[in-house]
Amino acid sequence: MTIRHLPKLSRRSVLAGAAALSAGSLASPSVIRAQTRELVVGAASSQRSWSEEIMIPAFEKKYNVKVVFEGTRSLVNLEKMQKNKDKQYLSVVQMDDPVMILAVREGLLEPITAAKVPNSASLKPGVTHMDGMWVNYLQPWVGIAYNTTRMAAPTSWAEIYDPKYKGRVILPSLQNTEGVMNLFLASFLKTGKPMAEAQKDMDAAFAKLKEMKANILMAYTQEGQAYNLLEQGEAFMVAGAISTLALARKAKGAPIELAAPKEGTFSMPSGIALVKGAPLPELGAAYVDMLLSPEIQAKVTEATFALPTNRTVPAPAGLSSLTVHPVDWANVSENRAAWVARWDRELSL
């Protein structure tokens, strides 16, 4: 057997090689980063708790990937996609539906299809938008929160107009997304039109709301003050209360309940979408698919007091027959500023 002798390495050559290796590592951090797969999800800060407790651990375990949750606001996520259009780093975004519309117009989203996201085929009607450009993963619903020590459960949205509740009703400001729901319901009560048509009749909406002006204690932009007044009994009702907030406070012992009136209700915009040109597109689709799965939907809806969007998942007790009317978010986006200005003119307290 022939033994080959390796050339001797001088101390200088060893040091030079080490320096070159070190320089190469510092110059190419992306090479090191690529060894650890990271899926970046842009969402609202309010979604962090259940995401980090339920969704993210399950996904990381199944796919051996690190999920980076960037909690902020919908418009901030939109700005991130706009600024990084040529080299996106977000793979998935969870944003309000009106902001999703803006993202679609700018070509920032990739369609969700059953081929990429199988569980999207099991979604309820009305939660898939613009041919799959985004879907709703939850339906936090809007009802009437009421103080159980002050009154019985309201069964109709018309009850907030009863003169006996003078100075006892709180409404969300139109600057809050849930606030626009009261416009639609006012128009519906005034005209009797189908809800889809009532959403467009703002003259009727404002005429009806003027009938309850004496009942309005305040219109809030920050929920905390409103719920403090409700829990203290100063207010009897918050009309347009979001389930995820009102029922969470009830769970902590507050003397409040949330009623689902007979006319039906609306859900808050909770959209999820795939970013066009995103890194790890297959994992992004898998993330959306898992969030829409029956197993995760059941856990998240229980934790958030929301309705599921997967039709195979049962609604929470007592809500199986609740009618959730779809919202024309394009109409809201186009006209909301004018509605806010009109509110300030005609209904300011």
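Visitor: What makes Glu-52 partly exposed?
Guide: Glu-52 has a relative accessible area of 42%. Buried means under 20% relative accessible area, exposed over 50%, and partly exposed lies in between, with a 1.4 Å probe and protein chains only. The value of 42% therefore makes Glu-52 partly exposed. A word on the origin of the values: this is a predicted model, in which local features need pLDDT of at least 70 and side-chain atom pairs count only at pLDDT 80 or more, while totals for chains, interfaces and linings use all residues. Residues are numbered from 1 along each chain as its sequence is written, and side-chain values use heavy atoms, with hydrogens and water left out.

Visitor: Why is the contact between Glu-52 and Arg-48 called a salt bridge?
Guide: The closest N and O atoms of the pair are 2.9 Å apart. A salt bridge is a side-chain nitrogen of Lys or Arg within 4 Å of a carboxyl oxygen of Asp or Glu, so the pair qualifies. Both residues belong to helix α3 (residues 48–63), four residues apart, which separates them by about one helical turn. Helices are DSSP runs of H or I with at least four residues, strands are runs of E with at least two, and numbering starts from the N terminus. Arg-48, at 31%, is partly exposed.

Visitor: How do you know that Asp-201 is buried?
Guide: Its relative accessibility is 18%, which counts as buried. Its salt-bridge partner is Lys-193, at 2.9 Å from N to O, and Lys-193 counts as partly exposed at 31%.

Visitor: What makes the salt bridge of Lys-210 and Glu-346 a tie between separate parts?
Guide: The closest N and O atoms of this pair are 3.2 Å apart. Lys-210 lies in helix α8 (residues 202–210) and Glu-346 in helix α13 (residues 329–346), so the bridge ties together parts that are 136 residues apart in sequence. Salt bridges with shared partners join Asp-203, Lys-210, Arg-342 and Glu-346 into one network. The structure holds twelve salt bridges.

Visitor: Is Asn-77 buried or exposed, and how do you know?
Guide: With a relative accessible area of 0%, Asn-77 is buried. Asn-77 sits in helix α4 (residues 74–83). Leaving aside residues up to four places away in sequence, its contacts (heavy atoms within 4.5 Å) include Gly-42, Leu-90 and Met-95.

Visitor: Why are α3 and α11 called oblique to each other?
Guide: These helices pack at an angle of about 125 degrees, with axes 11 Å apart. Axes are lines fitted to C-alpha atoms, for helices over the stretch in contact, and angles run from 0 to 180 degrees between N-to-C directions. Angles under 35 degrees count as roughly parallel, over 145 as roughly antiparallel, 65 to 115 as roughly perpendicular and the rest as oblique, so α3 and α11 are oblique. Among the residues that meet are Trp-50 and Phe-59 in α3, and Leu-283 and Tyr-287 in α11.

Visitor: Why do β10 and β12 count as edges of the five-stranded sheet?
Guide: The open sheet has the order β10-β9-β11-β8-β12, with mixed pairing. β10 (216–220) and β12 (256–259) each have a single partner strand, so one side of each is left without a neighbour in the sheet. The twist averages 30 degrees from one strand to the next.

Visitor: How do you know that β9 and β10 pair?
Guide: Two strands pair if DSSP finds at least two bridges between them. Four bridges join β9 (residues 169–172) to β10, so they pair, and they run parallel.
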